[in-house]
Every structure is written in structure tokens, then in C-alpha cells.
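Here is a short briefing for a first look at this structure.

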Amino acid sequence: ELERSRAKTYREYLSAIGSGYPMTTQAMPTWLRFSRRAFEFNFIAFSFVMFSCWFPTGFSATFSTFAFVFALPIFFYRIRAIQLNRFELMGLALFGWLLLSVFWSSTPVLESLGYLSEYRIYFMVPVLTVVLAINERTLRLASTAAMLGALIALITSYGLGLGWWQVEGAQLSLANRIYHGFIMSSLLLACLLIARETAGVIRLTASAIAMLVIYNVLNIETGRTGYLQVIFVCLAWALLTFNRAQTIFAVAVAVIFVGVSYLSFDRFHGRVNQTVANIEKMVVNNDYKSSVGYRLEYYRGAMGIGMDHPLTGVGVGDVVKTLQSNADRGVIRIRTDNLHSEFMNMLAAGGLPALFLFLSFVTVIGFSGFAVREQCKWLGDALIGLGGILLVSSFLNSTIKDYGEKHALMIVLSLAISSLLMNPSKIARG
């Protein structure tokens, strides 16, 4: 505790919380070992189910709920020794502000709490992390399960896109293209880091999978957010891996590759052209009847709510009601219950304080990576990449409000933070 209180820099703070945190399973009371085993099974299954995209929502939600429930006894047993990192604290502060907003929502409290539950990730991640950090084997198995699931999603998407097979209800991937892009960009980040940190067959395999992911996102699926996430991951990895001359060369190659992809890949070419045309229709002709136009109209509506209620927002329970009321009065031209931007969600629900806290949550994930990489380069770069993926996703989608991305983020954040809390020598061995 003295080490933590004396830490003057974030790097010293991270080192302090990591040095005294792990708890061995042998030191755990007998009555908690059942909870630990049940948690391990459910979290590993949850990781596989969410990243493979093969299973229905209710099925995957069962594993996340049980993992959290079985983690709670261990969390409370260890509560005096727990030291949260700064982005967990930001997340809890944001959840607390949204909880307060229930009291200025006109929607009944129980219904408002239902809307609030969509943001449960902020209190679930700290609980899951505490238990994951106890056992390195569980951490590795969960990471492997998530990667195996993502590989299944990748292979299935290739089969759907190339006409090898058909799956009822699926088009170019098992999930919707937004969620698929989030899963694939996370898999790409993992593969690029594995390729950099290993050698031989493992490096070649990881590099090959990374190339398959890039092609899949650009020319099998059609998610525009996925395009941006993949481009960000590649550029961030190059900047963090190479020296200045090598980075300039890598960026030049990336620009050429994107240009060639635009000219060669029909789906990528068509999707980019469609997006540009839709933006032009909205800006020049005020024609909002396109996916881009709808989003811009949603954002205009959210900013109007933010200007009317800058300090408090309308409350987490009243966002949907206010949006629909504004549509009925002609303030915005389309009815919606989803603003398709987590930043806009926060502005509408909790005003500027919620917007600031969410932005802080996202950016602190990335900035903590720069502090961590001095001690463990791969983990620091993983946090930087994850922060960037989340930032891109949150501008264009309701990443925390939506079911899929929220739970995938819950998994990767829990894995990253628990790795951070492990003994530094174990982290360095990867």
C-alpha cells in the first residue's frame, strides 16, 4: 500500500499494483475454490462463444452472467487488496454519473435501471479481472478460446463470402458487419503482435492469418467501421514496431496497398464510392435517406439534446423517449432508439460530464499502454491498439450500448488488465 501511495508516475503506479496483486489458488479458502472453477469454465466458454459468433445472444449472455456471479465471492473476499487502474476508475465514475441521471429521468426508475444495465461493462470488468489475475493458466486458456473463436468466425466468413456454404440468417459473416469488424480487428492486433514477438512457424502462421483478416475485412465483408479499424491497427503496429525510416516505408506501402485494394477489390471499391455519394447527398442535397445520412441525422439530434441539457443530459432513462418525441415534433427527421455513436449516447444521456468521462475512459486505455510498454512492450502495444479500436468504433457505433461489441470488449479488457496485474516476469514471457 505504501508503494502505491508513493507512486509519482503512472508507470510507478502500474508497477506497484502489479507487484503485490496476484493470489495463488493454494492460498484461497476451500469454499471459494468451487466459485473459481465455475468462473473459469464460464469465462472460457464466454470468450469462445462471443468471438466465434456461432451462438444466439441468450446463450452467450448465460455464460457472461454466470462468470460474473461466480467471480463476485472472490472479488469481495479480496476487496481490501484490490487496487483498480485508472481506466477502470473512469468507467466506474461514468457508471456512477449515469446512475445519478436516473433521478432526473422522467421514465420510471425500474425502466431507467433497465437502460442503465446496458452499461454494466463498467462494473463487470473490475470483478472479472480480479479472478482472472489469480491463475495464469485460466488467462491463457481464455485467450486461446477467444482466438480460436475468432478464427472460426474468419473461416466461416470466407465460406459465406466465397459461396462455399450458406448459414441461415447470415450474409457475409455470422455476426453483423459492425461486430464482425470489431472481432477481426482484435484478431488482427493479436496476430501482428504474435508475429513480432515470435519466430519460425508461429510467426509465419500469425502473419498469414493477419493477411487473411485484412483481405476479409476489405473484400469479403462490407463494414466501413471495420475498414477504419483495420487501417488503424496496421498503422499503429508499424509506428510502434519500426524505426522512423522503416515506418515511413511501411506507411507508403500501406497507402499503395489501400489504393490497389480500392481499384482491385469490388466490394471495397463499391462501399467506399457508396459512402462518398451518400455524404455528398446529405451535405449538398440535404438527402438523409441513406445509412450515412441516417447517422448524420442521429448525430444532429444528439447534439441538439446536448445543447438543451449540457450539464446533465436528459438522463439515461429518457434518451429513447426524447429522441422519439423530437422525431414526432419534426426536430429530427427519423425515429430511432439508437444514436449509433457511443459519444453521442453519452452526450444525450449524461451531458458534457458523461461525454468527458467516456472520452477519458477510452484515451486512458491507450495512454496506459505507453506506460506499460516500458515494462512489457507487447502488452503496452495491445492496450494502445485496443484503445484505438474502441475509439474508432465509438465514434461510429454504440459500442457500449450494443450487445456484441460490449461483450467482446469486456473479454479483451479483462484479459489485458489481468495480464497487467500478473507478475511482470510472467508478463514478459508472454
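G350 is found in helix α16. The model shown is predicted.

**G350 and its surroundings**
- G350 counts as buried because its relative accessibility is 0%.
- G313 lies 37 residues away from G350 along the chain, yet the C-alpha atoms of the two are separated by 4.2 Å.
- Leaving out residues up to four places away in sequence, G350 touches W97, L311, T312 and G313.

**The nonpolar core**
- The largest nonpolar core holds 119 residues.
- Within this core, F43, F51, Y122, F358, F361 and L409 touch the most other members.
- Helix α16 gives the largest share of this core, 14 residues.
- F358 has contacts beyond its neighbours within four places in sequence: L94, Y122, E342, F343, M346, S394 and I400.

**Cavities**
- How many cavities of 30 Å³ or more does a search of the whole structure find? The search finds five.
- The largest cavity has a volume of about 80 Å³.
- Its lining is made up of Y115, E118, Y119, V316, V319, V320, D337, N345, A349 and K401.
- Two helices, α15 (319-328) and α16 (342-372), each supply at least two residues of that lining.
- By type, the lining of the largest cavity has six nonpolar residues, one polar and three charged.

**The second largest pocket**
- The second largest pocket has a volume of about 590 Å³.
- Its lining counts 22 residues, and I214, C234, A250, A254 and F257 are the closest to the pocket centre.
- Helix α12 gives the most, with seven residues.
- The lining of the second largest pocket has 21 nonpolar residues, one polar and no charged.

**Cysteines**
- A disulfide is a covalent bond between the sulfur atoms of two cysteines.
- The count for this model comes to zero disulfides.
- C191 is in no disulfide, and its nearest cysteine sulfur, that of C234, is 11 Å away.
- Is C191 buried or exposed? C191 counts as buried because its relative accessibility is 2%.
- C234 has a relative accessible area of 24%, so this residue is partly exposed.

**Two loop residues with positive phi**
- C53 is not a glycine, but its phi is positive, near 65°.
- The loop between α3 (30-52) and α4 (57-77) holds C53.
- C53 is buried because its relative accessible area is 13%, under the 20% cut-off.
- N286 also has a positive phi, about 55°, although it is not a glycine.
- Where is N286? N286 is in the loop between α13 (266-285) and α14 (291-308).
- N286 has a relative accessible area of 47%, so N286 is partly exposed.

How values were computed: Residues are numbered from 1 along each chain as its sequence is written. This is a predicted model: local features need pLDDT of at least 70, side-chain atom pairs count only at pLDDT 80 or more; totals for chains, interfaces and linings use all residues. Side-chain values use heavy atoms; hydrogens and water are left out. On a 1 Å grid over the protein atoms alone, a cavity is a set of points where a 1.4 Å probe fits but cannot get out, and a pocket is an open set with protein on both sides within 12 Å along at least five of seven lines; lining residues have an atom within 4 Å of a point. Grid points are joined across faces, edges and corners, and a volume is the space filled by probe spheres set on the points. Helices (H or I, at least four residues) and strands (E, at least two) are DSSP runs, numbered from the N terminus. Ala, Val, Leu, Ile, Met, Phe, Trp, Tyr, Cys and Pro count as nonpolar, Asp, Glu, Lys and Arg as charged, and the others, Gly among them, as polar. A disulfide is a pair of cysteine sulfur atoms within 2.5 Å. Buried means under 20% relative accessible area, exposed over 50%, partly exposed in between (1.4 Å probe, protein chains only). A nonpolar core is a set of buried Ala, Val, Leu, Ile, Met, Phe, Trp, Tyr and Cys residues joined through side-chain atoms within 4.5 Å. Contact means heavy atoms within 4.5 Å.
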